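Please read the following account with the sequence and the model side by side.

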Amino acid sequence: AMDPAAEARVQEKVTQAQDGLAEEFRARRSLLRRHSLAAWLHKRGGRMKTWKKRFCTIENGVLYYYVSPSDRESGKAALGALVLRNAAARRPTDLAHKGKYKDTCFRVDLDSAEQATLVASVAPAADDDDDEDDGQAAADARGRPAKAKWIFAATSVAAMDEWMGAIAFWRSEGYKVLKEVRLGGKTLSEA
């Protein structure tokens with residue numbers, strides 16, 4: 001049997017450790033929230049190279065794009081889903097034909113192996129409006145290969161930087177943090 005003073009010291013150390021874990025968990029959740037975005041962007045189409053306004057989100061390391069926020073809120077399938085693990089965001093090297101978006105456009109290069117895991121696991125309904133995005137949804141239910149390069153344009157240079165930063169986060173660190181938060185959440189709730 002442990003004397004009451006020693007037992008109190010042990011309990012205090014356990015409480016401090018739990019508080020430290022809880023604080024670390026909150027910090028990691030906050031980091032995930034900072035890199036989860038939702039805003040209007042313009043997306044350049046595949047074959048036609050036309051710009052279409054899309055409501056885009058980054059959730060749990062996937063960039064989804066929809067016709068509107070109400071489509072997302074109502075549970076309608078996204079027009080496209082881009083896995084950001086191992087993806088790279090950068091400014092396009094060729095700004096010709098980017099028109100009024102040349103100052104705020106950015107390119108997302110996907111990892112085809114990572115994208116294939118999403119296509120296999122999710123396979124959302126294909127974009128039926130071929131004219132709309134030229135059938136270039138990343139997770140294409142028609143069996144066509146996913147595009148490797150996507151061009152988006154933000155509403156401002158600051159917004160472009162924010163999106164590129166979020167994509168850079170999800171490229172590698174984000175998935176690790178997400179896994180830790182999921183594991184940490186279970187650990188903390190059981191504690």
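The paragraphs below begin with the overall architecture and then turn to individual elements and residues.

This is a predicted model, in which local features need pLDDT of at least 70 and side-chain atom pairs count only at pLDDT 80 or more, whereas totals for chains, interfaces and linings use all residues. Residues are numbered from 1 along each chain as its sequence is written, and side-chain values use heavy atoms, with hydrogens and water left out.

The chain contains six helices and seven strands, where helices (H or I, at least four residues) and strands (E, at least two) are DSSP runs numbered from the N terminus. Read from the N terminus, the order of these elements is α-β-β-β-α-β-β-β-α-α-β-α-α. Of the 191 residues in the chain, 41% are buried; buried means under 20% relative accessible area, exposed means over 50%, and partly exposed lies in between, with a 1.4 Å probe and protein chains only. Among contacts in the chain with a separation of 6 or more, 61% are between residues 24 or more positions apart, a contact being heavy atoms within 4.5 Å. The chain exposes about 10600 Å², of which carbon and sulfur atoms supply 53%; accessible areas come from the Shrake-Rupley method with a 1.4 Å probe, and for residues only the protein chains shown count as cover.

Consider now the strands, which count as paired if DSSP finds at least two bridges between them. Strand S3 (residues 62-66) is mostly covered, since four of its five residues are buried, and S3 has pairing partners in both S2 and S4. With strand S2 (residues 51-59), S3 pairs in the antiparallel sense over five bridges, and in this pairing Ile-58 stands opposite Leu-63. With strand S4 (residues 80-83), S3 pairs in the antiparallel sense over four bridges, Val-62 standing opposite Val-83.

Strand S7 (residues 149-153) is likewise mostly covered, with four of its five residues buried. Two bridges join S7 to strand S1 (residues 38-44) in the antiparallel sense, and here His-42 stands opposite Ala-153. Strands S6 and S7 also run antiparallel, joined by five bridges, and Arg-107 is the residue opposite Ile-151 in S7.

The loops between strands deserve a separate look. Most residues other than glycine have a negative phi. Against that background, S2 and S3 form a hairpin with two residues between them, and Asn-60 in the turn has a positive phi of about 50°. At 41% relative accessibility, Asn-60 counts as partly exposed. Asn-86, which lies in the loop between S4 and strand S5 (88-90), also has a positive phi, near 65°, and is partly exposed with a relative accessible area of 37%.

Where does Thr-104 lie, and is this residue buried or exposed? Thr-104 is found in the loop between S5 and strand S6 (105-109), and at 10% relative accessibility it counts as buried. Leaving aside residues up to four places away in sequence, Thr-104 touches Arg-91, Phe-152, Ala-153, Ala-154, Ser-156, Val-157 and Met-160. The C-alpha atoms of Thr-104 and Arg-91, which are 13 residues apart along the chain, are separated by 8.6 Å.

Met-160, one of the residues touched by Thr-104, is also among the buried residues of helix H5, together with Ala-159, Trp-163, Met-164, Ala-166, Ile-167, Phe-169 and Trp-170. An α-helix has 3.6 residues a turn, so residues three or four places apart point the same way. The 15 residues of H5 (residues 157-171) should span 21 Å at 1.5 Å a residue, and the end C-alpha atoms are 21 Å apart, which agrees; the expected span is 1.5 Å times one less than the number of residues.

Helix H1 (residues 4-34) includes Val-14, which is partly exposed with a relative accessible area of 38%. Together with Met-2 and Val-10, Val-14 makes a nonpolar surface patch of about 240 Å². Patches are made of residues with over 30% relative accessible area and no salt bridge, like charges being joined within 9 Å and nonpolar side chains (Val, Leu, Ile, Met, Phe, Trp, Tyr) within 5 Å; a salt bridge is a side-chain nitrogen of Lys or Arg within 4 Å of a carboxyl oxygen of Asp or Glu. Leu-21 also has its place in helix H1, and at 48% relative accessibility this residue counts as partly exposed. The C-alpha atoms of Leu-21 and Gly-184 are separated by 8.1 Å, although these residues are 163 residues apart along the chain.
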